[in-house]
There are 2 protein chains.
Amino acid sequence: MGGDFGPSVVIPAALDAIAKYPDLALHLVGNQELIMLELRKRNANVGGALTIRHTTQTVEMDELPSQALRGKKDSSMRVAINLVKEGVVQACVSAGNTGALMATARYVLKTLPGIDRPAIVSTLPTMRGQIHMLDLGANVDTRAEHLVQFALMGSVLTEAVENKPSPTVGLLNIGEEEIKGNEQVKEAATLLADSNINYAGFVEGDDIYRGSVDVVVCDGFVGNVALKTSEGVAKMITHFMKEEFQRNLFSRFAAVVALPVLKAFRRRIDPRRYNGASFVGLQGIVIKSHGGADTLAFGNAIKEAMLEVEKAVPQRISTQLETLLQERRTG
Amino acid sequence: MGGDFGPSVVIPAALDAIAKYPDLALHLVGNQELIMLELRKRNANVGGALTIRHTTQTVEMDELPSQALRGKKDSSMRVAINLVKEGVVQACVSAGNTGALMATARYVLKTLPGIDRPAIVSTLPTMRGQIHMLDLGANVDTRAEHLVQFALMGSVLTEAVENKPSPTVGLLNIGEEEIKGNEQVKEAATLLADSNINYAGFVEGDDIYRGSVDVVVCDGFVGNVALKTSEGVAKMITHFMKEEFQRNLFSRFAAVVALPVLKAFRRRIDPRRYNGASFVGLQGIVIKSHGGADTLAFGNAIKEAMLEVEKAVPQRISTQLETLLQERRTG
């Protein structure tokens, strides 16, 4: 049970979730003593929908993935992913070290046949609703074929969890270069145009939040920079807004008057609503919660896991991939 | 005289600038008739600080750079850059097609000796002040050595125009991968650590707006995506804020009360303040104004040009580059 807050966030989120979803059963993987402490604080107990799996090791947030993989076989993330592999649980949700979680998931669960590399996908808010974007940091130096696989996985996920048939997929690119974009993007564009994916062409950075397409595909380096940059801009803007509303007596008064509006506004860009990134392309469902997630945010990550289980996302990806490869053979 | 608004923005910005800076002389390059029309509207005339250079061709905003370069030898951007080359003017400011402007500038002015590729650099607001970031889209598939050259150019520019000795330079990277980042970034990090540049290590997307360093260096693909994504986030946030303040009678009232605060806030994230990207690495000064810039924004691009002329930025880059190369030979 990792993340910045461990059981103190995960346990209340788990209790909220089982109260809300009567069919849900949760395995709480981590230090039994700490878990019990948090449960007792809330007058909750194990049994019924809750099972504890005691683990003795901890993967630090800055630990090297390879180190965690080799040396932390009794960490909560390793044991939780093992449970997915063994079919005891249908999904794993973790707020732990992203790199270690990905390395462990990949090692234990393996990628789906035909998928070379798993990717990290998340929903982002847009002016019109939301989009799915991938890869957000699992892969750098991606080849064109990988971008096509990301496109397929993003498309399947969006179709499944949003009930949106044949979602549009855009390839993240820039508009300044003579022959637009870098080599891998240009090649991927050709491959996507020839596929059964609903490819909508190139999109630029500002199209992400305009909601021009349903899925945005990019290399993990670019996606991670875009995501973190977005977080940075949003933080700076809210920081400036706070400063201005606290500047003097008048602005403080204005803040009080505008409070309900400001609250409604903040709800709309609340990153907690978008918490829960999926590791797609694996033979199993693994959801990464933000390390700094609170109870509400972690709850959303649990919800994402449930939705992907219900929609059997990995199986759908397999089936779609089969179709894509078959088309290539016959086409 | 390009951009979305042509002379209707450039002329008033030019008139404001010569009124403000008595030492400034401007050559207005474009269709004489249109320029005269705008001047007359404002009871202004040529002579003194204003000279008109009539041109007959126009580079369209979506025209291919190679096409513009071959076929548009009497376009305003080509003639303006020729004037820089001939030493008639000391800098060119254009709101035209970025790709065409860069291709023309590179062809006519050439890069500085030792610089392989020019880069696009701009200032961005941060929580603490502002940073310079490059490359914002001139180069994709950049090699490590190019990133080092960008670092040097960004460092020299920042030192010169902000009077900030030995500015800190960060290399844009991601934090998720086992051995952080992609190949070119890792190699560039080694080269930078060995250089006389004040290299501060890796930074991530959210560090840009935190103002953790003075200069952020990245490949043009990544930089362009980061920039456009930032614009997209800012637009979405202001869009949501507007929507919330217009939702009902109460929120409209709150908007009226909060108006001075909201105005002060908007001033702080006003992109017009940061208008005017420099093409660095050329034997001459070329400033790109945003295509959609208004008079105030275009005025800032003129100011940036003046500052770079005053500080002799290209010459400084040459000198610094000489030092860097000498160190490598002797070190």
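Two strands pair if DSSP finds at least two bridges between them. Keep that handy for the views below, which come from a predicted model.

**View 1. Strands 9 and 10 of chain B run side by side in the antiparallel sense.** Strand 9 (residues 277-280) and strand 10 (residues 285-288) of chain B are joined over 3 bridges. Zoom in on Phe279(B) and you'll find Val286(B), in strand 10 of chain B, standing opposite.

**View 2. Eight strands of chain B make an open sheet.** Reading across, the 8 strands go 3-10-9-4-5-8-6-7, with mixed pairing. Strand 3 (91-94) and strand 7 (199-203) of chain B have a single partner strand each, so one side of each lacks a neighbour in the sheet. On average, neighbouring strands here are turned by 25° against each other, direction ignored. Helix 6 (residues 144-162) of chain B packs on this sheet, touching strand 4 (119-125), strand 5 (130-134), strand 6 (169-172), strand 8 (215-217) and strand 9 of chain B. The direction of helix 6 makes about 165° with that of strand 8 of chain B.

**View 3. Gly284(A) sits in the loop between strand 9 (277-280) and strand 10 (285-288) of chain A.** This glycine counts as buried because it has 20 C-beta neighbours inside 10 Å. Beyond its neighbours within four places in sequence, Gly284(A) is in contact with Val84(A), Lys85(A), Leu109(A) and Pro314(A). Take Val84(A): it is 200 residues from Gly284(A) in sequence, yet their C-alpha atoms are 6.6 Å apart.

**View 4. Val217(A) and Val217(B) touch the most other members of the largest nonpolar core.** That core has 210 residues. Setting aside neighbours within four places in sequence, the contacts of Val217(A) include Leu134(A), Leu147(A), Phe150(A) and Ala151(A). Gly154(A), Val169(A), Leu171(A) and Leu172(A) are also in contact with Val217(A).

**View 5. Chain A meets chain B, with 55 residues of each in contact with the other.** Helix 9 (220-245) of chain A is among the elements giving two or more residues to the side that touches chain B, and its share, 21 residues, is the largest. The others are helix 3 (65-71), helix 5 (98-109), helix 8 (205-210) and helix 10 (249-268) of chain A. By class, this side of chain A has 28 nonpolar, 14 polar and 13 charged residues.

**View 6. Chain A superposes on chain B by a rotation of 180°.** The shift along the axis is 0.0 Å and the RMSD is 0.0 Å. The two copies are therefore related as by a two-fold rotation axis. Both copies use the same surface, with 100% of the contact residues of chain A recurring in chain B.

Note on methods:
Residues numbered from 1 in each chain as written. Chains lettered and ligands numbered in written order. Predicted model: local features only at pLDDT ≥ 70, side-chain atom pairs only at ≥ 80, totals over all residues. Helix = DSSP H or I, 4+ residues; strand = E, 2+ residues; numbered from the N terminus. Buried ≥ 20, exposed ≤ 12 C-beta atoms within 10 Å, placed from the backbone. Contact = placed C-beta atoms within 7 Å. Core = buried A, V, L, I, M, F, W, Y, C linked by C-beta atoms within 7 Å. Least-squares fit on C-alpha atoms with pLDDT ≥ 70 in both. Nonpolar A, V, L, I, M, F, W, Y, C, P; charged D, E, K, R; others polar. Axes fitted to C-alpha atoms, helices over the stretch in contact; angles between N-to-C directions.
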